[in-house]
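The sequence and the structure come first, and the notes follow.

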Amino acid sequence: DAAAPARLPAALEDALEHLFRERICDRRDIDYRAIDFLMSLPEHVAVHAVQDVAHRDFSTVRNKPAFIMSIFKRAASGPAPPPMGGPSPGAPPFGYSPHHAPPHRPAGPPAGPYSASQHRRDRSAP
């Protein structure tokens, strides 16, 4: 007595049928491994992953099944981390800690044997 194959949740089946109906991809592009993988995900994640396929550009893709599977796996791993690029506006600079703030230094030429007149000469040199 063989076990019946698991039935896809209706929302997931609808999302897949949309891909096929709109000719975004063919049925052969989503094989049994991809279906098994989708079935292992929470339904809302699987549906989101399938819907994500509809927004992709396949014009330069050579191996659609592998590309589609990579989309599914990315969706399963969760949202992408925010892009790197520095602090958000209004945030203190990277590495800033109010407990380890550098000592206050007065503006002007550096303290020590380097004099203000030497500083002016250095700046005017070609």
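## Charges over rings

A charge is said to sit over a ring if NZ of Lys or CZ of Arg is within 6 Å of the ring centre and within 35 degrees of the ring normal. Arg 33 meets this description over the face of Tyr 32, at 6.0 Å from the ring centre. The charged end of Lys 64 is placed over the ring of Phe 58, 5.3 Å from its centre.

## Basis of the values

The model is predicted, so local features need pLDDT of at least 70 and side-chain atom pairs count only at pLDDT 80 or more, while totals for chains, interfaces and linings use all residues. Residues are numbered from 1 along each chain as its sequence is written, and side-chain values use heavy atoms, with hydrogens and water left out.

## The aromatic pair

Rings of Phe, Tyr and Trp (its six-membered ring) pair if their centres lie within 6.5 Å; planes under 30 degrees apart count as stacked, over 60 as edge-to-face and the rest as tilted. The structure has one aromatic pair. Phe 58 and Phe 67 make up this pair, with 5.4 Å centre to centre and 80 degrees between the planes, which is edge-to-face.

Phe 58 is buried at 13% relative accessibility, whereas Phe 67 is partly exposed at 23%.

## Salt bridges

A salt bridge here is a side-chain nitrogen of Lys or Arg within 4 Å of a carboxyl oxygen of Asp or Glu. By this rule there are five salt bridges. One of them joins Arg 33 and Asp 31 at 2.6 Å, N to O. Arg 33 is exposed at 51% relative accessibility, and Asp 31 is partly exposed at 24%. Another salt bridge links Arg 7 with Glu 13, the closest N and O atoms being 3.6 Å apart. Arg 7 is exposed, with a relative accessible area of 67%, while Glu 13 is partly exposed at 25%.

Glu 17 and Arg 27 also form a salt bridge, with 2.9 Å between the closest N and O atoms. Glu 17 is partly exposed, at 27% relative accessibility.

Helices (H or I, at least four residues) and strands (E, at least two) are DSSP runs, numbered from the N terminus. H1 has twelve residues and spans 16 Å from its first C-alpha to its last, close to the expected 16 Å; the expected span is 1.5 Å times one less than the number of residues. Leu 12, Ala 15, Leu 16, Leu 19 and Phe 20 are the buried residues of H1. They cover an arc of only 140 degrees around the axis, and are therefore on the same side of H1; the arc is that of the directions from the helix axis to the C-beta atoms. An α-helix has 3.6 residues a turn, so residues three or four places apart point the same way.

The buried residues of H1 pack against H2 and helix H3 (43-53), where contact means heavy atoms within 4.5 Å. On the face turned away from the buried side are the exposed residues Ala 10, Asp 14 and Arg 21. Arg 23, in the loop between H1 and H2, has a positive phi of about 60 degrees although it is not a glycine. Arg 23 is exposed, at 74% relative accessible area.

Notes
Buried < 20%, exposed > 50% of the residue type's maximum accessible area, 1.4 Å probe, protein only.
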